[in-house]
Each structure stands twice: as C-alpha cells, then as structure tokens.
Amino acid sequence: MKNSFAGMWMSVCIVLVQISAASAGTCYWNNGTMLFTGDAVQQALCLTPPVRTNGVVGGKDDGLPSTLDELVGREFDFSREAVEEYFTEQGLFEDELGGMLSLRVSRARGKPAAYFVLHDSNGPSFGTKTFSPDINVSERINDLKQFGRRWHVLIGRNGNSQTLIDFFKPLRSTYFETRDAGARSKGRFLHVGLVQPIRKDSAGTGKPCIPLPAYSAEQYRRLAQVYVAASYRAERWLIPAYAAQLNKYGKAPVCQGGPKGFDLAEWAGALRTVYREIYTGN
C-alpha cells in the first residue's frame, strides 16, 4: 500500500481545476480540462444532490459522508496484489467488476475517466400492483439481461453484478454527454446501473413509486466493490456523480436517470467496510 491506514482517514483537498468565473458551490464544465470546477470533493457535492423518489433533483448537501470525503480525488491507495487478492478471496471475477483489472479505464482525448456515474434501472414495472416481498431475491426482478447494455456494469438487488461493457470502452449514457459542452467528454464517465423496480402511484398521479429502502444492502456493498475496481484502474479514487444531475445539466426533457432515493451515507459506510477488508486482508 502507498499510504498508511491512519493517513487514509485524514480529509484531503486536491484542486483539480478552478475557473475564475465559477462561483462557489456551482458546477461549471471546463471544455479544456473536461472536468467540472472545484476540487474533487466540491465536484462530488455538486454532482450528487439527493434524487427524490419521483426522480427530481433536490438541493445540494452540506458535505460528503465520511470515507467518501477522505478518498474522492486521491491517488488510489492499494497495490494491484492487494486488490486482486481481495477479489479472489471474495469470489469475484472481472465479468462482475467492470472488466479486466489489467486494462486502464476509458479516455476522452487522452484524459482518463474521472467520474463514477450512478443510474437506476427504472424497472421492471409492477404497473399498479404493490411490490412483491421478494424483490431482493426474485430471479425475474434481478435478471440483469433484461435491461440491455445501457451502462458499463449493472447491479441487482441480490448483490449480483454483470459487466455489460468493459470500463476500458468509452460510453455515453446521459444527456450531458451528448449535448453542447459535454459532447466531447465521451470516456470521462464510467456508468453503473442499479436495479430498482417501479410502480405507478395508486393515487393516480402517474408518478413512479419505488421500493423502500430504495436499494438493498447487498447492492450498496457490491457498488463499493465495483467502485474500488474502477478506481484502481483509474489510479485515483473516482468522483461519484448522479445520472439525474448530469441529465439536468444536459437539459433532458424529463427527470430521469436516478438513482432515485439513493443513500450516499449508506454507500459510504459500505465502502468503508470494503476498504478495511482490503487493508486487513480479511
């Protein structure tokens, strides 16, 4: 490992890019660097505002949860041997983690991927029916083949995951990456989907309803493991982002992308556990 365990928990502030015209707390895209403004933590805050259950993006949080605010943007901490040993002990394979660990991540005009974008699957749909009690284990709900190849990796509610497109390959999966300023950024974003069934509001509003909790503990844990694999390949802890926020920046016609109801603090807790497991070799 490159850094001591104690040092990992110290907060860091790494300036990636600063545009003088950018006001504090506002994300602006720099076409030159192909990054949003601010240091890595500031970017993550801008890009992960709460996404409500109806898909609408809320206001920015005051700060990132512990662990994320200590890792995001930093040089990756662990050696290849430590990462590979951990995944072997966990029984995880490359086709579950975004592809070959020996390959770099995708690039945009020579710049490696910097963002780890989270989406929800927005389905399967239950129509007007209530959610079945087995959604976290149902083979039908968690059939990862039914959603197509919209993301690099897809994670089921049972914690299983599948590589759909290797992180090595550039992929556009938000409006931001296809419109205006972000159109040249293909390759700067890695995309991960989370299975989330929906149903129609019984009150007749037409707004989608989601399960509670929105995602399972198994999903948060596997997401943390996929994040480790992606960050290892990028040689830096990636900046998390929500698809709904990027779609908003891309002027999407409707609220979409999610991840609806995502609990950033719960994911940070799962990441902390995975980090400790790699560090201790357990």
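**Exercise 1. The largest pocket**

How does the lining of the largest pocket divide by class into nonpolar, polar and charged residues?

*Solution.* Start with the source. This is a predicted model, in which local features need pLDDT of at least 70 and side-chain atom pairs count only at pLDDT 80 or more, while totals for chains, interfaces and linings use all residues. Residues are numbered from 1 along each chain as its sequence is written, and side-chain values use heavy atoms, with hydrogens and water left out.

Step 1: find the space. A pocket is an open set of points on a 1 Å grid over the protein atoms alone where a 1.4 Å probe fits, with protein on both sides within 12 Å along at least five of seven lines; lining residues have an atom within 4 Å of a point. The largest pocket holds about 440 Å³.

Step 2: list the lining. It has 27 residues, and Pro-112, Arg-233, Ala-234, Glu-235 and Arg-236 are the closest to the centre. H5 gives the largest share, 3 residues.

Step 3: sort by class. The lining has 15 nonpolar, 3 polar and 9 charged residues.

**Exercise 2. The second largest pocket**

State which residues lie nearest the centre of the second largest pocket, and sort its lining.

*Solution.* Step 1: the space is about 360 Å³. Step 2: of 20 lining residues, Asp-120, Asn-122, Asn-247, Gln-256 and Gly-257 lie nearest the centre. Step 3: the classes are 6 nonpolar, 11 polar and 3 charged.

**Exercise 3. H4 against H5**

Describe how H4 packs on H5.

*Solution.* Step 1: take the geometry. Helix H4 (residues 80–89) and helix H5 (residues 217–234) pack at about 150 degrees, axes 11 Å apart. H4 is therefore roughly antiparallel to H5 (the cut-off is over 145 degrees).

Step 1: take the hand. H4 passes H5 in a left-handed crossing (the near helix is turned anticlockwise from the far one by less than a right angle).

Step 2: list the contact (heavy atoms within 4.5 Å). From H4 come Arg-80, Val-83, Tyr-86 and Phe-87; from H5, Arg-221, Gln-225, Val-228, Ala-229 and Tyr-232. By class, this contact has 6 nonpolar, 1 polar and 2 charged residues.

**Exercise 4. H5 against H7**

Describe how H5 meets H7.

*Solution.* Step 1: the axes of H5 and helix H7 (residues 264–280) come within 8 Å and cross at roughly 55 degrees.

Step 1: H5 passes H7 in a right-handed crossing.

Step 2: sort the contact. It divides into 11 nonpolar, 2 polar and 3 charged residues. Tyr-220 and Leu-223 are among those from H5, and Trp-267 and Leu-271 among those from H7.

Notes. Axes are lines fitted to C-alpha atoms, for helices over the stretch in contact, and angles run from 0 to 180 degrees between N-to-C directions. Helices (H or I, at least four residues) and strands (E, at least two) are DSSP runs, numbered from the N terminus. Angles under 35 degrees count as roughly parallel, over 145 as roughly antiparallel, 65 to 115 as roughly perpendicular and the rest as oblique. Ala, Val, Leu, Ile, Met, Phe, Trp, Tyr, Cys and Pro count as nonpolar, Asp, Glu, Lys and Arg as charged, and the others, Gly among them, as polar. Grid points are joined across faces, edges and corners, and a volume is the space filled by probe spheres set on the points.
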